[in-house]
Structure formats: structure tokens, C-alpha cells
Amino acid sequence: MTDVLVLNASYEPLRIVSVRRAIILLLQEKVELVEAAAQHLRAQGASFAVPLVVRLVRYIAIPRHRQLPCSRRGVLARDRETCQYCGAQPGRAQLTLDHVVPRAQGGRSEWENVVSACAGCNHRKGGRTPEQAGMALLARPRQPSYAALVLLVELEQHQIWSKYAYT
Ligand SMILES: [Zn+2]
């Protein structure tokens, strides 16, 4: 049994639930089927396509400033696994996290101060701010605007789900 991606009514990814939970939501008509697997299963006397992606019938507002922990996975996903100084995409394992304002200068480990950087840029920047190092950021780092962004890494691991990753 696989998991099921739940989309908001607006098609933003919201969360991942079990197939069982998704079928209950379908039976309650709280969600509608968006993508299904080829195989069927029987429940409550009826036959169902195994859901892969469902969508809420009613929109759920997501708190704008919900606190999301700043994690390596989250920062790499937010930055699309791209070095925020030179634009290189050397692959997830080759990317480092850079504190824009170095910790030694009081920089904190938060979304607004942590970016993805290739090893070369991170080494060149050293313990300096971008200004001190004469390096420019491609974009100002921000906390992802909605909770779904933290699902990005998981979404990318499922072929069917990946097309919802960047809505
Ligand atoms: Zn770089």
C-alpha cells in the first residue's frame, strides 16, 4: 500500500495520508479523486481505484506565518538544489548550507539566513558576509510561504506526485 497525496482545493500539496484514510475521505465526499493507480480494491461493498492523489472539495486556509523548522532538506528544496551564489546544480549530496551572515558574526540558523551553496562558493565566501566577500545572492532567502513547501522533497520522490511539487 502506498501513501496518498492530499491537495488543497487550489491544488497546493497539503499533506500525505494513508490509502485507508484517503478512502474514508472519499466516502465522506470531503475529497475527490485526482489520480488513481491501475489496481482496484474493495471496501464497504464497493470497488475503488487505489487513490494516489486526492483533492479537498473545500479550500483550507493555511496560516501565513506558520513556523516551519529550517532544515537542510527544506532549504535545498526551497532553493531547487541550486547554489544561491553561482547557480550551479551539482546535485543534492554536493551542496552545502551557507549562513549568509556567518554564525561567528551573529548569523542565525533560520530560513532568512541559510542558503544552498556549492562547495566552491562556500569555500570562497569563508567566514564573511556576501558584501565582505564581494559575492551576490541570486535571491533573498525567505521562509517558504506555505507549509506544503516542506513536502517538496517527498513529492519529488514519487513520479505521480512530482508534477504537484512546484504549483
Ligand atoms: Zn556556487
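Reply: The side chain of arginine 78 lies 2.9 Å from the backbone oxygen of tryptophan 111, and a polar contact of 2.9 Å also joins the side chains of arginine 78 and aspartate 79. A polar contact is a pair of N or O atoms within 3.5 Å; within protein, one must be able to donate a hydrogen and the other to accept it, and residues adjacent in sequence count only if both atoms are side-chain atoms. This is a predicted model, in which local features need pLDDT of at least 70 and side-chain atom pairs count only at pLDDT 80 or more, while totals for chains, interfaces and linings use all residues. Residues are numbered from 1 along each chain as its sequence is written, and side-chain values use heavy atoms, with hydrogens and water left out.

Arginine 78 belongs to helix 2, residues 72-78 (helices are DSSP runs of H or I, at least four residues, and strands runs of E, at least two, numbered from the N terminus). Arginine 78 counts as buried because its relative accessibility is 14%; buried means under 20% relative accessible area, exposed over 50%, and partly exposed in between, with a 1.4 Å probe and protein chains only. Leaving aside residues up to four places away in sequence, arginine 78 touches Trp111, Val114, Val115, Pro141 and Arg142, where contact means heavy atoms within 4.5 Å.

Beyond this residue, the structure holds five salt bridges, each a side-chain nitrogen of Lys or Arg within 4 Å of a carboxyl oxygen of Asp or Glu. One of them pairs glutamate 81 with arginine 92, with the closest N and O atoms 2.7 Å apart.
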